[in-house]
Amino acid sequence: QVQLVESGGGLVQPGDSLRLSCAASGRAFRHYGLGWFRQAPGKEREFVAGISWSDDNTHYADSVKGRFTISRVNAKNTVYLQMNSLKPEDTAVYYCAASYLTFAQDMGDASNREDNYWGQGTQVTVSS
């Protein structure tokens, strides 16, 4: 069993930066691929970024590539999402997810697995 708790969301202006954190409880954190997803009002949930369970390989949605960086610190059971050059279209509820033995490039497709774990979400609003 893994419990995920996101933090770090807030209201920022276009061009600002924000760092989201997702703290995990439970055992075997290092055996989980981790990802960030987001859902804007009236839209479906979409993949944002993923990091492999076995190494630091990462994978990003085209819309955030070059602006967002996902990282993990296994010793702290935490995954981060550094978001730079934020745009109004980045406004959404951001969720972290853990998927057992999943690689970064597969996190998006693996998001519907029944054995995944999800956090409760944190709101990010980018507005002037």
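1. Let's start with glutamate 6, which sits in strand E1 (residues 3-7). Keep in mind that this is a predicted model. Glutamate 6 is buried but makes no salt bridge; the nearest side chain of opposite charge is arginine 45, and that is 9.8 Å away.

2. So what does the side chain of glutamate 6 reach? One answer is the backbone nitrogen of glutamine 120, at 2.9 Å. The backbone nitrogen of cysteine 96 also lies 2.8 Å from a polar atom of this side chain. Leaving aside neighbours within four places in sequence, the contacts of glutamate 6 include Cys22, Trp36, Tyr94 and Cys96.

3. Cysteine 22 is joined to cysteine 96, with S to S at 1.9 Å. Cysteine 22 belongs to strand E3 (residues 18-25) and cysteine 96 to strand E9 (residues 92-100), so the bond ties together parts 74 residues apart in sequence. Both cysteines are buried, and the disulfide count comes to 1.

4. Now for the salt bridges: the whole structure has 5. Aspartate 90 pairs with arginine 67, their closest N and O atoms being 2.8 Å apart. Aspartate 90 is in the loop between strands E8 (78-83) and E9, while arginine 67 is in the loop between strand E6 (58-60) and strand E7 (68-73), so this pair links parts 23 residues apart in sequence. Aspartate 90 and arginine 67 are both buried.

5. Aspartate 115 forms a salt bridge with arginine 113, closest N and O atoms 3.0 Å apart. Salt bridges with shared partners also join Arg38, Glu46, Arg67 and Asp90 into one network.

How values were computed:
Residues are numbered from 1 along each chain as its sequence is written. This is a predicted model: local features need pLDDT of at least 70, side-chain atom pairs count only at pLDDT 80 or more; totals for chains, interfaces and linings use all residues. Side-chain values use heavy atoms; hydrogens and water are left out. Helices (H or I, at least four residues) and strands (E, at least two) are DSSP runs, numbered from the N terminus. Buried means under 20% relative accessible area, exposed over 50%, partly exposed in between (1.4 Å probe, protein chains only). Lys and Arg count as positive and Asp and Glu as negative; His and the chain ends are not counted. A salt bridge is a side-chain nitrogen of Lys or Arg within 4 Å of a carboxyl oxygen of Asp or Glu. A polar contact is a pair of N or O atoms within 3.5 Å; within protein, one must be able to donate a hydrogen and the other to accept it, and residues adjacent in sequence count only if both atoms are side-chain atoms. Contact means heavy atoms within 4.5 Å. A disulfide is a pair of cysteine sulfur atoms within 2.5 Å.
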